[in-house]
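Subject: the model, and what turned up in it

Hi,

Have a look at it first, then read on.

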Amino acid sequence: MEFGGGSGGDHDGSDSHRRKKRYHRHTSNQIQRLEAMFKDCPHPDEKQRLQLSRELGLAPRQIKFWFQNRRTQMKAQHERADNSALRSENDKIRCENIAIREALKNVICPSCGVPPINEDNYFDEHKLRMENAQLKEELDRVSSIAAKYIGRPISQLPPVQPIHISSLDLSMASFGGHGMGGPSLDLDLLPGSTSSTMPSLPYQPIGISDMDKSLMTDIAANAMEELLRLLQTNDPLWMKSSTDGKDVLNLESYDRIFPRATTHLKNPNVRIEASRASGVIIMNGLALVDMILDPNKFGELFPTIVSMARTIEVISSGMLDSHSGTLQLMYKELQLLSPLVPTREFYFLRYCHQIEQGHWAIVDVSYDFPRDNQFANQSRSHRLPSGCLIQDMPNGYSKVTWVEHVEIEEKAPIHRLYRDLIHSGQAFGAERWLVALQRMCERYACLMVSGTSTRDLEGVIPSPEGKRSMMKLAQRMVNNFCASISTSNGHRWTTISGMNEVGVRVTIHKSTDPGQPNGVVLSAATTIWLPLSPQTVFNFFKDERTRPQWDVLSNGNGVQEVAHIANGSHPGNCISVLRAFNTSQNNMLILQESCIDSSGSLVVYCPVDLPAINIAMSGEDPSYIPLLPSGFTITPDGRQDQGDTSASTSSCSNINHIGCSGSLITVAFQILVSSLPSAKLNMESVNTVNNLIGTTVQQIKSALNCSSS
């Protein structure tokens, strides 16, 4: 042992001697020249570095490293100076605080000249007065926005000064006859007819014992170990698919490495879905971790996938600076944007662990409650350890690896239109999560950019604040549209006779949200299959030149884009303000957002009147502008293209889409059928919307030469 240790030591010594670094100390003349250059240009380009290297007799690499080190030194010096100034300011404030506390001990009432009986009451009253002033200011602001939208003052609220609104040509034509001014729907209050209301939500807070918390912590820790193996291991856990080259879980290897005592949902209808995908995200790691752990931000990050997300209870709050150790019991519903596909419900634990600086892992795993518990799992879905690995990269980017692994029990047959897409695992797979995350992070990045759009065609968006306000309004429109066609617990869809085997499905709900018109809203949707690639269908709906070919309510009138905001690297990800030609109304515009990625696309639009658009374009809060959007969802059908099709238009022109032998298009409308919250729906109203959707579908097929589909 001594001989082996000695030999190893000699070898290491010789290696270290050979690898000994040679240090070069710059001369005073070189340093003076470099310092002079640094004052003029702290970030020299390659040409400047080459010129310096020739002048000073140094290698360009030495010049590069010297400037890097000098910038680091300057940054450290500035930070030390800032810290010193902050420390001095902190000491000053601390001294003032001590002096004020001492003075308060001897406070005298100015009215009676004696010390107050209870100092706390005095300061509580002062605090309440400050809160009252803040609430009054907020009330005035809301009054201002409401008064501008309805065009007259709110008599119940104090008058406010009018805000500046952007100048928009009042001659802009209208998208006539849709939304609140849409088809005339007769709404007699029929007895016995009921409108659906949102049921009580299945995630009320509960008391969890210390024993349960200990059990949850163990489950989360074990799930984290399994997820890290799935994220960081290739063979033998993952294989490459022979059809598309994506990662596919080797179930035999998985069962051997992670044996389980029991298998959930043991019956022939159980199906396993497992997938993995990775990519680069335009968001830093800590911000992304924060959004995933916050259920509201998580829902905003994935509006097309997550129909509902709530935290039932926080088991552990973790570390404030990194979120490491955070453990939550949560509930969520996942959706595919069609009324033909039921949502997937999960009660699960979400656990965050910081592996090292700049590296986080977040795992989700289903939690099984006892059978007598109100949360006992009645769901058809069981979430095995799934989640993501987030790694910080330079320039504020992150590399994300996502794993989805679930057991699904098919209690009812999947509709044949979506069978291939769902059975392939693409409908709820890792790639869909990842591309949706990439697209939304690009959108957030565009939201933060201070410059206005280069294609603001008539200069109607005057400021960066106006651009951000318009983007927030459009995002709320998309979120509203996604919720309107969800099969969540709050929606009860009824199928009425229609033009195909799918039929038109309708649901109604009472709308009381400030961002929607008050009253009863009718949502109607149907899904069709077309032998065209998703990209072809998306281009057809997005192009304003082809809009008259499918837009029944435009009466064949063309539209013109008057404002354009890009919200992603793909040209299809954008927000448009459109105006229609040759219509009777000149105070209505169309707000439209289109978004596309490899898992599918959306085109969502909504008529908005001119005063409301002006409020948003001037940078005011758009939260109270009522929206009732309609639109289209486009997804690949999940079938592998066989290359043998009867129609020449059915070829796959976009190889980036998954399984692109055809497309599934969901057509959805929302209409305010009555401003009375107690109104009931009658058959004439249903027939009207049924005809509206039927005509729209026929015009789409005719325009795309797919009448026989």
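In H14, the buried residues are Leu610, Ala612, Ile613, Asn614, Ile615, Ala616 and Met617. That makes seven of the eight residues in this helix, which spans 610-617, so H14 counts as mostly covered. Bear in mind throughout that this is a predicted model. At the N-terminal end, H14 is capped by aspartate 609, with a side-chain oxygen of that residue 3.2 Å from the backbone nitrogen of alanine 612. After the helix comes glycine 619, which has a positive phi, near 95 degrees.

Asp609 also belongs to the story of strand E17, where it is one of the buried residues. How many of the ten residues of E17 are buried? Ten of the ten, so the strand is largely enclosed by the rest of the structure. Both of its faces are covered: Gly600, Leu602, Val604, Cys606 and Val608 sit on one side, and Ser601, Val603, Tyr605, Pro607 and Asp609 on the other. Take cysteine 606 as an example: its relative accessible area is 1%, under the 20% limit, so this cysteine counts as buried.

With E16 it runs antiparallel, and ten bridges join the two. They form a hairpin with two residues between the strands, and aspartate 597 stands opposite glycine 600 of E17. The pairing of E17 with E18 is antiparallel too, here through five bridges. In that pairing, leucine 602 is placed opposite threonine 633 of E18.

I searched the whole structure for cavities of 30 Å³ or more, and five came up.

The largest cavity has a volume of about 250 Å³. Its lining takes in 22 residues, and those nearest the centre are Arg432, Ser599, Gly600, Ser601 and Thr635. Which elements supply at least two residues each to this lining? They are helices H10 (416-423) and H11 (430-448), together with strands E16 (588-597), E17 (600-609) and E18 (630-636). So the strands of the pairings above turn up again in this lining. E18 gives the most, with four residues. By residue type, the lining is made up of eleven nonpolar, eight polar and three charged residues.

The second largest cavity holds about 60 Å³ of space. Lining it are Ile292, Phe298, Lys332, Arg350, Ile362, Asp364, Arg383, Gly387, Cys388, Trp402 and Glu404. Strands E7 (359-366), E9 (386-392) and E10 (398-409) each contribute at least two residues there. This lining divides into five nonpolar, one polar and five charged residues.

Is aspartate 364 buried or exposed? Its relative accessible area is 5%, and buried means under 20%, so aspartate 364 is buried.

A few separate items to finish. Serine 484 is in helix H12, which covers residues 464-484. With 5% relative accessibility, serine 484 counts as buried. A polar atom of its side chain lies 2.6 Å from the backbone oxygen of phenylalanine 481.

On the cysteines: the structure holds zero disulfides. Cysteine 41 has 18% relative accessibility, and because the limit for buried is 20%, cysteine 41 still counts as buried.

Glutamate 46 is in helix H3, which runs over residues 46-56. At 56% relative accessibility it is over the 50% mark, so glutamate 46 counts as exposed. Between glutamate 46 and proline 60 there are 8.3 Å in space, C-alpha to C-alpha, with the two residues 14 apart in sequence.

That's what I have so far.

Cheers

Key: Residues are numbered from 1 along each chain as its sequence is written. This is a predicted model: local features need pLDDT of at least 70, side-chain atom pairs count only at pLDDT 80 or more; totals for chains, interfaces and linings use all residues. Side-chain values use heavy atoms; hydrogens and water are left out. On a 1 Å grid over the protein atoms alone, a cavity is a set of points where a 1.4 Å probe fits but cannot get out, and a pocket is an open set with protein on both sides within 12 Å along at least five of seven lines; lining residues have an atom within 4 Å of a point. Grid points are joined across faces, edges and corners, and a volume is the space filled by probe spheres set on the points. Ala, Val, Leu, Ile, Met, Phe, Trp, Tyr, Cys and Pro count as nonpolar, Asp, Glu, Lys and Arg as charged, and the others, Gly among them, as polar. Buried means under 20% relative accessible area, exposed over 50%, partly exposed in between (1.4 Å probe, protein chains only). A polar contact is a pair of N or O atoms within 3.5 Å; within protein, one must be able to donate a hydrogen and the other to accept it, and residues adjacent in sequence count only if both atoms are side-chain atoms. A disulfide is a pair of cysteine sulfur atoms within 2.5 Å. Two strands pair if DSSP finds at least two bridges between them.
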